Amino acid sequence: MAELLEIKGLQVHYPIRSVFLNRVTDHVLAVDGVDFVIEKGKTYGLVGESGSGKSTIGKAIVGLEKPTSGKILFQGNDVTKHQQRKKIGYNRHVQMIFQDAMSSLNPKKRVLDIISEPLRNYERLSYGEEMKRVQELLAIVGMPSDALYKYPHEFSGGQRQRIGVARAIATNPQLIVADEPVSALDLSVQAQVLNFMKEIQEQFGLSYLFISHDLGVVKHMCDNLAIMHRGRFVEIGTKKEIYENPQHIYTKRLLSAIPKIDVAHREGHKIERRRVEEEFHTLKHIYYDAHESVFDLKPITPSHYVALSTVSQEVD
Ligand SMILES: Nc1ncnc2c1ncn2[C@@H]1O[C@H](COP(=O)(O)OP(=O)(O)OP(=O)(O)O)[C@@H](O)[C@H]1O
């Protein structure tokens, strides 16, 4: 097993401040002691309901959140602290793509400037070299070269996500943290973007940390995965182990809520309505079963919000 990244006993706790007392009164245990390994060229999935701590792990790995305790080792080098990351040029090897490409791409910048930003941070290229590299990157992600001078709002959601991927791979990273990269997209576009992410993974030997609440998507993408609940891993294993022989009751519950549409069949847009209806029934079932708030479960589509509010009205 070729280890790329190792996480040891990671904790990220956010302080809760009392406005009245003007001091820290408690902590949110967003991530509360997790261990896992991401192998070279493989995809590790993090699955769990909204608020379970998935994004916080991703942010700690790329350096956007400071671990409270624990270690992050990249190819055996400790990169838990900023100085240590700087020393080995860690940030160019690990990039992140986000759920909402519209808000993660600067709306005032042209595609050329968006994609060249990491190049300007990490490489000293002439204007001509930079232009050539950005054109190559656009071709890799299947975008036309006239996209260079356009702005993010001139593209569809799927195209914007491709631009986000072009920016993420600009520095030839080894690991990409993909935080819900397709959940803001129509089902028909999700499959395209996921398959394209797999293609570039093979082409460049990339590893992914793939964060999602959608077990259907994770099944399509991941080699190994962890099921998260309230900052901890309740179950870890290979894709086969988790999907074919889940052990934890929480994993079983999540699996029973998988939309019955596997990614390969998401290209037909008519499926969407059926999926929302199915999830609505499953959520309702889970709600009555577990007596938890339906708002703990992350809505996926606008129609899903309608479904959720209907559930909550019925429950009220
Ligand atoms: N900056 C912050 N300050 C305080 N609490 C935070 C902060 N960021 C996240 N949290 C809390 O930490 C917990 C984990 O949040 P996180 O965003 O990691 O969950 P998640 O599983 O990624 O959820 P989602 O799928 O909704 O993004 C939540 O309870 C959240 O409210």
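How do the residues of the shell around the ligand divide into nonpolar, polar and charged? They divide into three nonpolar, eight polar and two charged. The model is predicted.

**Ligand shell**

The ligand has 13 residues around it, and Tyr14, Ala30, Ser50, Ser55 and Thr56 come nearest. Helix H1 (54-62) and strand E2 each supply at least two residues of this shell. The largest share, three residues, comes from H1.

**Sheet**

Four strands form an open sheet. Their order is E2-E1-E4-E5, and the pairing is antiparallel. E2 and strand E5 (77-78) stand at the edges. Each of these two has a single partner strand, so one side of each is left without a neighbour in the sheet.

| Strand pair | Bridges | Direction | Source |
|---|---|---|---|
| E1 (residues 3-18) and E2 (residues 23-39) | 13 bridges | antiparallel | computed from the model |
| E4 (residues 69-74) and E5 | two bridges | antiparallel | computed from the model |

Within the second, Leu73 stands opposite Asp78 in E5. E1 and E2 form a hairpin with four residues between the strands. There Asn22 takes a positive phi near 55°.

**Helices H5 and H6**

Two packed helices are described by the angle between their axes and the distance between the axes. For helix H5 (residues 111-122) and helix H6 (residues 127-140), the axes come within 10 Å and cross at roughly 110°. H5 is therefore roughly perpendicular to H6. On the H5 side, the contact is made by Leu112, Ile115, Ser116 and Leu119. H6 brings Glu130, Arg133, Val134 and Leu137. By class, this contact has five nonpolar residues, one polar residue and two charged residues.

**A closer look at Glu130**

Glu130 belongs to helix H6. Is Glu130 buried, exposed or partly exposed? Glu130 is partly exposed, because 18 other C-beta atoms lie within 10 Å; a buried residue would need 20 or more, an exposed one 12 or fewer. Which residues does Glu130 contact, leaving aside its neighbours within four places in sequence? They are Ser116, Leu119 and Leu125. Ser116 and Leu119 are also among the H5 residues that make the contact with H6. Val189 lies 59 residues from Glu130 along the chain, and the C-alpha atoms of the two are separated by 30 Å.

Definitions and conventions
Residues are numbered from 1 along each chain as its sequence is written. This is a predicted model: local features need pLDDT of at least 70, side-chain atom pairs count only at pLDDT 80 or more; totals for chains, interfaces and linings use all residues. Axes are lines fitted to C-alpha atoms, for helices over the stretch in contact, and angles run from 0 to 180 degrees between N-to-C directions. Angles under 35 degrees count as roughly parallel, over 145 as roughly antiparallel, 65 to 115 as roughly perpendicular and the rest as oblique. Two residues are in contact if their C-beta atoms, placed from the backbone, lie within 7 Å. Ala, Val, Leu, Ile, Met, Phe, Trp, Tyr, Cys and Pro count as nonpolar, Asp, Glu, Lys and Arg as charged, and the others, Gly among them, as polar. Two strands pair if DSSP finds at least two bridges between them. A residue is near a molecule or strand if its C-beta atom, placed from the backbone, lies within 6 Å of it.
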